[in-house]
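Open the model in your viewer and keep the selection panel at hand. The tour moves from the whole chain to single side chains.

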Amino acid sequence: MLKKFFSKKSSSQISVYLGTNRVAICGMADGRVDLLAQARVATDQEWGEALSSLVQQHKLQHHQVRVVLSRDFYQTFDIEKPKVEDSELLASIPFAIKDLVSESIFDLVVDYYDIPLQQHKGEQITVVCTAMKLVIHIRDLLLKCEMELKEISTEELSLTALLNVENETNALLSEERNALVFTVVKNGQLYFSHRIRGFNDLLALPLGEQENVLIDGLSLELQRALDYINSQLRIASINHLYVALSCPDINALTSQLGANLARKVEPFGEAQQYDFSNIVAYGLLMDELGK
């Protein structure tokens, strides 16, 4: 995504998640991806101060940076793929969404990715757009920290990279600030992304106090999503269904969900990895590690 700001001067790479209330930085060394630093922010206006402090503290100057933007800072639209030559596609896409956005298309940075073919639908794409001034602002923030912007990506594509295993279909239920996010990736391609609302507050309570409400309700929502991808996307089986939720008893939660859904459900990694900002920053570097 948004690779026009790519520069090849440095070989060391980190990923940075920029959200409304958090900045997280992951690094790659010796074949491992680890969380290097994180900081809470009140608004995006504090990104610069937080980044500068973290970069100086952890001596991260002269790195190339892959940025994951929070969902709050970009828009996506699923549209029919314009019937033009491949060489003209990217240039034509802004005009295809001009009636869907309030801003002038000339003030936006626009990119896209393909949507897997669905039953009874033609070729479709997901268009991603964000403000040009925001991209320039991020580039300038990094330059002030003596770093270089390599790429800007989205939450959805970062989660896709995290679940990318050849010849497998994998799913992840993760916890965003205002919703749970259910992501399905098949052969490295994003097939389904769905936000489930109404369960975040229940996760913090001991499971025994609200087991039926959380597990039964969440099982129903997941079953609906699984039925949809089966009927519309022709995905009947999932190799792994991972859960990354801040629940006091994640093992009991995954066990009960697995029983209700009649499939294997397992925790994703360690509990300290479940913060959504860390997960997406981690995923973007895992994509680089796999290249």
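A residue is called buried under 20% relative accessible area, exposed over 50%, and partly exposed in between, using a 1.4 Å probe and protein chains only. The model is predicted: local features need pLDDT of at least 70 and side-chain atom pairs count only at pLDDT 80 or more, while totals for chains, interfaces and linings use all residues. Residues are numbered from 1 along each chain as its sequence is written, and side-chain values use heavy atoms, with hydrogens and water left out.

**Whole chain**

Select the chain and colour by secondary structure. The chain has eight helices and 13 strands; these are DSSP runs numbered from the N terminus, with helices being H or I of at least four residues and strands E of at least two. Its radius of gyration is 20 Å, close to the 19 Å of the globule rule for 291 residues, so the chain is as compact as a globular protein of that length. That radius is taken over C-alpha atoms, and the rule is 2.2 Å times the number of residues to the power 0.38. Along the principal axes, the C-alpha trace spans about 50 × 50 × 35 Å.

Switch to a surface. The chain exposes about 14400 Å², of which carbon and sulfur atoms supply 46%; the area comes from the Shrake-Rupley method with a 1.4 Å probe. Of the 291 residues, 51% are buried.

**Gly19**

Select Gly19, in the loop between β1 (13-18) and β2 (22-29). Is Gly19 buried or exposed? Its relative accessibility is 0%, which makes Gly19 buried. Show its contacts, meaning heavy atoms within 4.5 Å. Apart from neighbours within four places in sequence, Gly19 touches Val41, Trp47, Ser70 and Phe73. Then pick Val68: its C-alpha atom is 8.6 Å from that of Gly19, although the two residues are 49 apart along the chain.

**Arg71 and helix α4**

Next, select Arg71 and Glu156. Their side chains form a salt bridge at 3.0 Å, N to O; the term requires a side-chain nitrogen of Lys or Arg within 4 Å of a carboxyl oxygen of Asp or Glu. Arg71 sits in the loop between β4 (64-69) and β5 (75-80) and Glu156 in helix α4 (residues 155-162), so the pair ties together parts that are 85 residues apart in sequence. Arg71 is partly exposed at 24%, whereas Glu156 is buried at 7%.

In α4, seven of the eight residues are buried, among them Glu155, Leu159 and Leu162. Glu155 also belongs to a salt-bridge network with Glu176 and Arg195.

**Two further pairs**

The structure holds 10 salt bridges. Select Arg139 and Asp140, whose closest N and O atoms are 3.3 Å apart in one of these bridges. Arg139 is partly exposed at 29% relative accessibility, and Asp140 is partly exposed at 31%.

Finish on helix α6 (residues 211-233), which contains both Arg224 and Glu221, three residues apart, about one turn of the helix. An α-helix has 3.6 residues a turn, so residues three or four places apart point the same way. How far apart are the closest N and O atoms of Arg224 and Glu221? They are 3.4 Å apart, and the two residues form a salt bridge. Glu221 is partly exposed, at 23% relative accessibility.
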